[in-house]
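Try each task on the model before you read the solution.

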Amino acid sequence: MKKKVITILACLLFVIILKAQPPRDTTHRDTTMLGFTNASTELMRAPVLRRTSNDDIRIVPNRQQFCFDALMEIELHYGGRYSLETCLFINTTDGYIGYTTPSRGGAINMLFPEIEHFRFTIISFKLGNVFTYFNQKSNHDVIAHYVTTSNTDTHEYQMNNLLTTAPLTRKSDRRTYCDGNSEALAYKRSDEPTAWYLFGSRYPATIQAQKFLGAFGVGVVQTDAGPYIVMERTAGATYTVVKHIEKAHICFDPSGFKMQEADFYAKRTADLQAESTRIDEAEAAAQRASCCVPERMAEIAYRRQQLQVNEENLRRAQQGNLLQDRTAQKGIIDMMDPLVAVRGSILSIKTSICTAEDDKSKNPSHTLSANQRISCLNQQLSALQTAETQMQAAETRYAANPAQANAEKSRIYMTVMRQSGGCD
């Protein structure tokens, strides 16, 4: 690497492409008044806002391309505690919006789907479809491409847009944006504290917002007084502000991204079918066993019960979007409940203790080894029963938040698994 400068540059470029999402590109940013005027004019002429029949505009996760003709760099401030930046990619014809991962290092305004840490979310005009495209490296260092829809491709996200549900009243507060190239006036609803800073050609006393094209509270809004750009949205100490706007021509090809939920549901269905077969085989073997038939059958009964529960959980998980529908969310969470594994292990250890006791009674020469095994198994049983009690307490403690309860139960499960050794 030290021999030639060109080698160093090539290696650095290779590392950037393979290992990380690139920082923002500042070389092409036009911060002049003319650049802002051209970009803002195009945004306010967005065809999707001017059409009269676009309420049914939907997007699908796998298609030829998503193309964007405008960029809007924004900064998200969270109550004075910290701030993040992201870039909105806007399609003014069909109204879909894309945004890159909010980060502290500046708005990521370029798309490199081939790099490992790529992550890009696209939402439809009505904000009903939410698709996040991301990469994941396999155990063989192969980058796989996925898209998670959270079921919004079939069960739309229900967005309550405060901007369009009530008239806005003009206030006296004025602020400048985009390197001083624009000045916007504050508008507020009379029934809640959120303020929107609007940039447009005129500022009547009241405005009724009709259609919105944007995300995080900023973007373009069509009103009864014409189009405006929402340069800032404030809600107490939390606010979103537009830092830069420009025209663009950027396309993203999602065709190579695998549907994560569909893949999960298909694999889970196959797993449940395979488990049903294994349960039938285990039941037949248990009925032929020479000892501990009640213990073996208790295991079988529990596995069959959980099979039915998981089949129902899988069905529920697909009946609503996973961003809002509590029933669908619970279906997913319950399929991954560590308490199920703990209870199954408790039954399995009880069967193992029974078989060790049977071996000791039939083979006196095995007494010493059997006693050692039984002692070890009893220790494991006690640890699992303690874990079961702790998990039940976590369920009670986080009854209103099943995901947090599962996280706590997973921590308990990992602890007991690390502490448990083999008893053979």
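**Exercise 1.** Work out at what angle helix 4 and helix 5 pack, and how far apart their axes are.

*Solution.* Start with the axes, which are lines fitted to C-alpha atoms, for helices over the stretch in contact, with angles running from 0 to 180 degrees between N-to-C directions. Helices here are DSSP runs (H or I, at least four residues) and strands are runs of E (at least two), numbered from the N terminus. Helix 4 (260-288) and helix 5 (residues 293-317) pack at about 165°, and their axes are 10 Å apart. Next, the label: angles under 35 degrees count as roughly parallel, over 145 as roughly antiparallel, 65 to 115 as roughly perpendicular and the rest as oblique. Helix 4 and helix 5 are therefore roughly antiparallel. Their crossing is left-handed (the near helix is turned anticlockwise from the far one by less than a right angle; clockwise would be right-handed). Last, the contact of helix 4 with helix 5 splits by class into 11 nonpolar, 4 polar and 9 charged residues. For these classes, Ala, Val, Leu, Ile, Met, Phe, Trp, Tyr, Cys and Pro count as nonpolar, Asp, Glu, Lys and Arg as charged, and the others, Gly among them, as polar.

A word on ground rules: this is a predicted model, where local features need pLDDT of at least 70 and side-chain atom pairs count only at pLDDT 80 or more, while totals for chains, interfaces and linings use all residues. Residues are numbered from 1 along each chain as its sequence is written, and side-chain values use heavy atoms, with hydrogens and water left out.

**Exercise 2.** Find the largest pocket and say which residues are closest to its centre.

*Solution.* On a 1 Å grid over the protein atoms alone, a pocket is an open set of points with protein on both sides within 12 Å along at least five of seven lines, a cavity is a set where a 1.4 Å probe fits but cannot get out, and lining residues have an atom within 4 Å of a point. Points are joined across faces, edges and corners, and a volume is the space filled by probe spheres set on them. The largest pocket holds about 460 Å³. Of its 18 lining residues, L127, M159, A215, F216 and G217 are the closest to the centre. Strand 11 (residues 209-215) gives the largest share of the lining, 3 residues.

**Exercise 3.** Which element gives the largest share of the lining of the second largest pocket?

*Solution.* This pocket has a volume of about 330 Å³. Among its 14 lining residues, the closest to the centre are Q260, E261, F264, I332 and M336. Helix 4 gives the largest share, 8 residues. By class, the lining divides into 6 nonpolar, 3 polar and 5 charged.

**Exercise 4.** Classify the ring pair of F68 and F120.

*Solution.* Rings of Phe, Tyr and Trp (its six-membered ring) pair if their centres lie within 6.5 Å; planes under 30 degrees apart are stacked, over 60 edge-to-face and the rest tilted. The structure holds 19 such aromatic pairs. The rings of F68 and F120 have centres 5.9 Å apart and planes at 85°, so the pair is edge-to-face. It links F68 in strand 1 (residues 66-78) to F120 in strand 4 (residues 119-123), 52 residues apart.
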